[in-house]
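Work through these exercises with the structure open beside you. Try each task before you read its solution.

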Amino acid sequence: MKCRLRVFVVIVFISLLIVPAINLTLGRNAMPKSFPETFKKLYNLDIIESFIGYAGYAIGMSSDPGKVVVGHDGWLFLGDDISSPITTKIRGVDDKINSTINAIHNNMYEWNNFFKRCGVKEFRVIIGPDKDSVYSEKTPAWNRQSDKKILKTLTAGQNLLFVNTYDAFKIAKSKFIMPMYFHTDTHWNELGAVVAFSALVKTLDGSDLNFHAEPTENDFYLKHSRAGDLAAFLRINKFIEDQVVLHKDKSIDNLIIKKYDFESGKLISKSKFSQIGAPSSPVLFISNGALNNVKVLWLRDSFGTAMSPFMVQAFKETLQVHYGKVDASTIKNLVKAFRPDYVFITGVERDALSAFYRKSL
């Protein structure tokens, strides 16, 4: 470790020495005339930050460890600057966190009671595990999570509102060769998303619902893709690639999806299916070939993007909005106006103890 640190420091020092020459060579025809602007141009660090980021990545060190941790075999993980995902899980469940979990459980049961009074059949919370919780062996040696795992405590046991993604991913990892998460991005891919979706399906009363057989690894394929958000934090996304795991199901790709602004009722688009990002305002998606003629209110974040193929295939109408963009009164109004059959929340482990889950309806 000390040797790698020395190498990294030398690389940084040499890089700073040659910054002016690099910028002068690349921008010699665009140099400003004034000295302050010329100095600023010569010492622009964009290029050198990319070089330093890649050099650090190559030797297993991060140029910005607060945002990104470099793991083994090219795996990148989110640093502690965002939601403290590392220190929280190293510490594990203590009295304070256990109290927060109990408060969330109690509040989600209150939500469930409200939803039932409004005619909702079932309500579920699907928490996507952080990547380092699933692939902990790819993290640095110092990053060792507590045995008192927060996600396990939150989702395991008799709390039926929370889908047990912890055990679902543990089982899937023992069976799958393909990765369930991107190497250079914080998110799961479609294989990881379908693991969570299948875990959700198993908790629902299936007496009046239809679903395809649980997908296997053979229902997906690997292809090269651009590097993801973690690589972008290090400014190395132009230098490295990732792999994306995608479904083979043509029946999903051939679905015709109508997209409506929910508030105005205006048709936004009508097209074949493509992955759906988290809307910042309520958007209604209607699928012409869904397996079930039911309505779902889906409060979600970016982890819902890879899950979106399986949601629109299963449910005809999904009213979707990023849960971070709505308050409690908006959720109540959406339920009363849309009258959903089901309400689902899809979030990520590092935000699973956030204030959102403690809002009173």
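The model is predicted: local features need pLDDT of at least 70, side-chain atom pairs count only at pLDDT 80 or more, and totals for chains, interfaces and linings use all residues. Residues are numbered from 1 along each chain as its sequence is written, and side-chain values use heavy atoms, without hydrogens and water.

**Exercise 1.** Find how many helices and strands the protein chain has.

*Solution.* Start with the terms: helices (H or I, at least four residues) and strands (E, at least two) are DSSP runs, numbered from the N terminus. The protein chain has 13 helices and 11 strands.

**Exercise 2.** Explain why strand E9 is largely enclosed.

*Solution.* Next, look at residues 292-300, which form E9. Seven of these nine residues are buried, so the rest of the structure largely encloses E9.

**Exercise 3.** Identify the strands that pair with E9.

*Solution.* Two strands pair if DSSP finds at least two bridges between them. Seven bridges join E9 to E10 (residues 315-322), and the two run parallel. The chain gets from E9 to E10 through helix H12 (residues 308-314), in a right-handed β-α-β crossover. Right-handed means that, with the strands pointing away from the viewer, the path from the first strand over the helix to the second runs clockwise. Five bridges join E9 to E11 (residues 342-348), also parallel.

**Exercise 4.** Name the bridge partners of Val 296.

*Solution.* In E10, the partner is Thr 318. In E11, Val 296 has Tyr 342 as its bridge partner.

Technical notes:
Buried < 20%, exposed > 50% of the residue type's maximum accessible area, 1.4 Å probe, protein only.
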